[in-house]
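Good morning, colleagues. I would ask you to look at the sequence and the structure on the screen while I speak.

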Amino acid sequence: MNRKFMDLAIIEAKKAAEAGDVPVGAVVVKNDTVIGVGRNRREQDKNATAHAEIAAIADACKNIGDWRLDDCEIYVTLEPCPMCSGAIINARIKTVIFGAYDTKVGSFGSIANFANIPYAHTPEIYGGICENECRNVLTDFFKGIR
């Protein structure tokens, strides 16, 4: 785990907030190099699947020319939802590092834990990394729109 990669995910989350989207950011890392970047763009793209993790995974796959992200880590500011957890598992991402827990749809520990289901691939999960900073980005965003 490397703090600089979570910092990059937080920067992406702040970009999402500036564009009017819920501030979630993600980066995919391989061998200490960022290979994919994404942020929440649901409002901007008018697309329910435009989550940060999906964008970062797509970017990483494009950049390395493969759908398999076996030796990769994904840093994300908010615990992945069921859709994103499924994408992470299907991409065979080795490690998930997330910031804030999501008590509404979190699927790596809060509501469900997809890592406990015997799928063909099971990522390592580390939650609560830079949790306060990640949570503050979300809290500040929602304070601003209420």
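Predicted model: local features only at pLDDT ≥ 70, side-chain atom pairs only at ≥ 80, totals over all residues.

Along the principal axes, the C-alpha trace spans about 45 × 30 × 30 Å.

Let me turn to the fold. The protein contains five helices and five strands. Read from the N terminus, their order is α-β-β-α-α-β-α-β-β-α. Of the contacts between residues at least 6 apart in sequence, 58% join residues at least 24 apart.

Next, burial and surface. Buried residues account for 44% of the 146 residues. The accessible surface comes to about 7,300 Å², and carbon and sulfur atoms contribute 49% of that surface. As for charge, there are 17 positive and 19 negative charges, and their mean positions lie 3 Å apart.

Is Glu12 buried or exposed? Its relative accessible area is 8%, and because the limit for burial is under 20%, Glu12 counts as buried. Which residues does Glu12 contact, leaving aside its neighbours within four places in sequence? They are Val24, Gly25 and Ala26, together with Val37, Gly38 and Arg39.

Thank you for your attention.

Key:
Residues numbered from 1 in each chain as written. Heavy atoms only, no water. Helix = DSSP H or I, 4+ residues; strand = E, 2+ residues; numbered from the N terminus. Buried < 20%, exposed > 50% of the residue type's maximum accessible area, 1.4 Å probe, protein only. Contact = heavy atoms within 4.5 Å. Areas by Shrake-Rupley, 256 points an atom, 1.4 Å probe, with all protein chains shown as cover. Lys, Arg positive; Asp, Glu negative; His and termini not counted. Charge placed at Lys NZ, Arg CZ, Asp CG, Glu CD.
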